[in-house]
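This briefing goes through one protein model and its ligand, topic by topic. Please keep the sequence and the 3D view open while reading.

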Amino acid sequence: MTSDDMTAFFQLHRDLPREGPGEAADVAWATALADIAPTARMADVACGPGGDIPALLEAAPQGHVTALDKTAHFVKEARTRWQADPRVTLLRADMAAIHNEYDFIWCAGAVYFMGVTEALTAWRRALRPGGVIAFSEACWFSDSPSPRATQQWQHYSAMTDADGIAARVTAAGYETIATRRLSDAAWEGYYTPIDARIASLRPGADAAFAAVLDQAEEEAACWRAHRDEFGYLLSLVRPLPRSGSAGR
Ligand SMILES: C[S@@+](CC[C@H](N)C(=O)[O-])C[C@H]1O[C@@H](n2cnc3c(N)ncnc32)[C@H](O)[C@@H]1O
């Protein structure tokens, strides 16, 4: 991104509750199925502004969340919200190099930056014995998506259907415990605040910024019109024992 693109991006995205679709019920679903302990050590990988941290702490009230993101702006926003809570550590870090070990790794809407197989492979060493990973990933729900939806996702050529995601999980040496589609409420939790932000920024926007707002508006409109064709699939996965190993 050029510095003008970055300025426009953060004008639109500053201080939003989250940076992608998701809701507390997703975290509750995954942590309940994983049966994590109240003292679990958790990572929120690519946490953005930290919108999932409350639900992670609710799942493990005596646990700890290490939330990391590579974008300084988002880490700053999340720190402002969480710096007083000793159960949360905020780091500016690259998800390719996670340190420490966790019972539960959560990654909402960001695994595609590495690729599912690549990320799961890299994160295996960051899992405690018995640890699991939950990630949401863009997914086709239709074999013949409309041209508008295809156009919207043209930048993500690796996007597949649910079987394709499962195959990438298997290729990393993991098994899928369960999956579920993100709900409409999860998507609206992302788009409704953006709608309001676009409306507030529209008056006085110059041509270049108006084009940025148009693009953001089209993204939400496309999802609302074609939500049956694509969405996010949340997958809960665990590593399979390597042959000759005791379980990691
Ligand atoms: C779609 S947002 C999702 C943010 C957050 N999980 C949420 O749901 O609100 C993707 C996030 O990935 C972060 N990101 C991208 N590449 C990254 C990397 N290599 N390491 C860590 N974070 C990264 C971005 O800064 C951004 O905050």
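Helices here are DSSP runs of H or I with at least four residues, numbered from the N terminus. The model is predicted.

**The ligand and its surroundings**

- The ligand has 17 residues around it, and E19, A46, D69, T71 and M95 come nearest.
- By type, this shell divides into eight nonpolar, four polar and five charged residues.
- In the side chain of T71, an N or O atom is 2.5 Å from an oxygen atom of the ligand.
- The side chain of D94 has an N or O atom 3.1 Å from a nitrogen atom of the ligand.
- With A108 the backbone takes part: one of its N or O atoms lies 2.9 Å from a nitrogen atom of the ligand.
- On its own the ligand has 600 Å² of accessible area, and the protein covers 91% of this.

**The nonpolar cores**

- In soluble globular proteins, nonpolar side chains tend to be buried together.
- In this model the largest nonpolar core has 51 residues.
- The residues with the most contacts inside this core are M42, F104, W106, W153 and F230.
- Helix 8 (residues 184-201) gives the largest share of this core, seven residues.
- Another core, of 27 residues, lies apart from it and includes M95, I98, A110 and V169.
- Which residues does F104 touch, not counting those up to four places away in sequence? They are A30, T31, I36, R41, M42, A43, L56, V132, A134 and L236.

**Helix 1 and what lies on either side**

- T2 is in the segment before helix 1.
- T2 counts as partly exposed because its relative accessibility is 44%, which falls between the cut-offs of 20% and 50%.
- The side chain of T2 reaches the backbone nitrogen of D5 at 3.0 Å.
- Helix 1 spans residues 3-13, and its buried residues are A8, F10, L12 and H13.
- These buried residues pack against helix 4 (72-82), helix 8 and helix 9 (207-226).
- D15 is in the loop between helix 1 and helix 2.
- Most residues other than glycine have a negative phi.
- D15 is not a glycine, yet its phi is positive, about 55°.
- Is D15 buried, partly exposed or exposed? At 48% relative accessibility, D15 counts as partly exposed.

**Helix 2 and the residue after it**

- Helix 2 covers residues 24-34, and D26, V27, W29, A30 and T31 are its buried residues.
- The cover over these buried residues includes helix 3 (53-59), strand 4 (102-107) and strand 5 (127-140).
- The cover also includes strand 7 (174-181), helix 8 and strand 8 (230-239).
- Helix 2 is followed by D35, which has a positive phi near 55°.
- D35 is in the loop between helix 2 and strand 1 (41-45).
- D35 counts as exposed because its relative accessibility of 65% is over 50%.

**T117 in helix 5**

- T117 lies in helix 5, which runs over residues 116-123.
- T117 counts as buried because its relative accessible area of 18% is under 20%.
- The side chain of T117 reaches the backbone oxygen of R168 at 2.9 Å.
- Not counting residues up to four places away in sequence, T117 touches R168, A171 and A172.

**V88 in strand 3**

- V88 lies in strand 3, residues 88-92.
- With a relative accessible area of 10%, V88 is buried.
- Leaving aside neighbours within four places in sequence, V88 is in contact with I53, L57, H64, V65 and W82.
- V88 and V132 are 44 residues apart along the chain, and 19 Å separates their C-alpha atoms.

Key: Residues are numbered from 1 along each chain as its sequence is written. This is a predicted model: local features need pLDDT of at least 70, side-chain atom pairs count only at pLDDT 80 or more; totals for chains, interfaces and linings use all residues. Side-chain values use heavy atoms; hydrogens and water are left out. A residue is near a molecule or strand if one of its heavy atoms lies within 4 Å of it. A polar contact is a pair of N or O atoms within 3.5 Å; within protein, one must be able to donate a hydrogen and the other to accept it, and residues adjacent in sequence count only if both atoms are side-chain atoms. Accessible areas come from the Shrake-Rupley method with a 1.4 Å probe; for residues, only the protein chains shown count as cover. Ala, Val, Leu, Ile, Met, Phe, Trp, Tyr, Cys and Pro count as nonpolar, Asp, Glu, Lys and Arg as charged, and the others, Gly among them, as polar. A nonpolar core is a set of buried Ala, Val, Leu, Ile, Met, Phe, Trp, Tyr and Cys residues joined through side-chain atoms within 4.5 Å. Buried means under 20% relative accessible area, exposed over 50%, partly exposed in between (1.4 Å probe, protein chains only). Helices (H or I, at least four residues) and strands (E, at least two) are DSSP runs, numbered from the N terminus. Contact means heavy atoms within 4.5 Å.
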